[in-house]
Amino acid sequence: MTAAAVDAETTTERAVLRPALEKFGLAEMRRTVVIGTVLGGSVARRALRGGLRRAKRRRAMADGMVDGFEVLGPMFVKLGQLIASSPGAFPRELADACLRCLDDVPPFPAVDARAIVEADLGRPIAELFREFDDEPLSAASVAQVHACVLADGRPAVVKVQRPDIARRMIVDLRAAFRLAGLLEKRSENARVANAEGVVRDLYETTVAELDFRNEADNQTRARTNLRAFGDNASVVVPEVYWDYSGPRVLCMERMRGLPLDRFDDIRAVHPDPELLIRRLVKAWVESVVVHGLFHGDVHAGNLWLLEDGRAAMLDFGIVGKMTPQWRDFVRALFHASALDGDFRPVARALRELDLVAGDSGDDATVGRQLATALAPVLSGKLAQLDMGKVAARLVEFGKRRGASGPEQLILMGKQLGYFERYAVALAPGWRLGQDLYLFRNVFPDEVRAKAAAEGIELPAD
């Protein structure tokens, strides 16, 4: 099935997979009791062992919370992953403790995996695959991955959803949503952290992620977009094999390589680690600014250096989707940072987003204010590029108009935080906001002219 065929496919079947988050019945009531008991007990046990010193007690309570997440299962492991990937939004002790949730989890039996594949695809394993490895390559909170060989001899991997995971996660989300509401009524910290909002965001992500056809569609689109300008040959997205994929099964070409945080190994085998990072970020920036669909979870397990020297982007279960208005804003922001320092177009883009009050002055005035607030952040090293700060400053612009926070920009900023960690190790001193190479396809004529004027030689690919 092609991406165009996916566009034509009716969404009715997928709509039934979106149960109401606010529903609360007997199953949710029982689960709420279990959740409260497990989390309360885990936190209490750790706190009692943590001693009386406040810092140790806070760390112990955070560890106890994660102990509870691991006992409660996949949905709470995903909650821990969300907290770990957003350290600025949660207490540091909790974000650090939740790093444990990024580890692999125990696999489920191969007999169950085979049954799910056969049920989704409607044929026996022996007819579908020349080989199917019962030992999974990896196991995560929602699914595990098995190596296989297709009937025509192509090496592939199959991502198989855990048995009954959808029902269990929805029940857990409803229970967690009810608990979050109760916590917000009793705790200032819960209100500040927007506990209900965190669960609602997790619900939106989970509902989309539980239908692997959404991920297959995202991955197919990303693969097509990557070649839109005829370059990016050193970056790859695996091909989805649609004939071997379904709601709970996703099959794609097999990749072999190293996760991007294997820094010593990458430095040992790659002749130019900085160029590796630049190529990845270039492709990713184009996905944000030009195409609007971007990888929303670029932790090292999803970015690999392949054996043939290319970089791979894997796992499109979580993506961001930039609206045209937000794309215009990000485009203007990078144009000002990399090319001319003119923030007036940024001001105009913010007006289109209703984030600038009518009495704030003309574009030149607002542009100067933005330059003062944002230029130092954008022009520094990647290690200093904090899109959380950028987003917070933009929210200040919009408060007088009651505008909501720029969630898409915040998701983009989280991914830049991952790239920051890789760049600090593999490309120290590199300045993302001023690297013309990244914007070669975004502002082609201007980049070409500025590179020629300044005698800068851009990489060929």
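For these notes, buried means under 20% relative accessible area, exposed over 50%, and partly exposed in between (1.4 Å probe, protein chains only).

**Ground rules.** I am working on a predicted model, where local features need pLDDT of at least 70 and side-chain atom pairs count only at pLDDT 80 or more, while totals for chains, interfaces and linings use all residues. Residues are numbered from 1 along each chain as its sequence is written, and side-chain values use heavy atoms, with hydrogens and water left out.

**Confidence.** I checked pLDDT, the predictor's confidence in each residue from 0 to 100. The protein chain averages 84, and 84% of its residues reach 70 or more. Residues 1–16 have pLDDT below 50, and beyond near neighbours in sequence this stretch has 15 contacts in the model (contact: heavy atoms within 4.5 Å). Residues 397–405 are also below 50, with 19 contacts beyond near neighbours.

**Whole chain.** I found 20 helices and 11 strands; these are DSSP runs numbered from the N terminus, with helices being H or I of at least four residues and strands E of at least two. Of the 461 residues, 51% are buried. Among contacts with a separation of 6 or more, 64% are between residues 24 or more positions apart. The accessible surface comes to about 21,400 Å², and 53% of that belongs to carbon and sulfur atoms (Shrake-Rupley method, 1.4 Å probe; for residues, only the protein chains shown count as cover).

**Gly122.** Is Gly122 buried or exposed? With a relative accessible area of 61%, Gly122 is exposed. I placed Gly122 in the loop between helix H7 (110–121) and helix H8 (125–128). I also looked up Gly246: it is 124 residues from Gly122 along the chain, and their C-alpha atoms are separated by 10.0 Å.

**Cores.** A nonpolar core here is a set of buried Ala, Val, Leu, Ile, Met, Phe, Trp, Tyr and Cys residues joined through side-chain atoms within 4.5 Å. The largest has 60 residues, and Trp284, Phe329, Val330, Met412, Phe419 and Phe439 have the most contacts inside it. Leaving out residues up to four places away in sequence, Val330 touches Val288, Val289, Met322, Leu409 and Met412. Another core lies apart from that one, with 37 residues, including Ala97, Met169, Ala176 and Val207.

**Glu209.** Glu209 sits in helix H11 (residues 195–209). Its relative accessible area is 10%, so I count Glu209 as buried. Which residues does Glu209 contact, leaving aside neighbours within four places in sequence? I get Lys78, Val142, Gly317 and Ile318.

**Cysteines.** I searched the whole structure for disulfides (a pair of cysteine sulfur atoms within 2.5 Å) and got 0. Cys98 is in no disulfide, and the nearest cysteine sulfur, in Cys101, is 4.9 Å away. Cys98 is buried at 0% relative accessible area, and Cys101 is buried at 3%.

**Helix H4.** The buried residues of H4 include Ala60, Asp63, Val66, Phe69 and Leu72. After H4 comes Gly73, with a positive phi near 105°.
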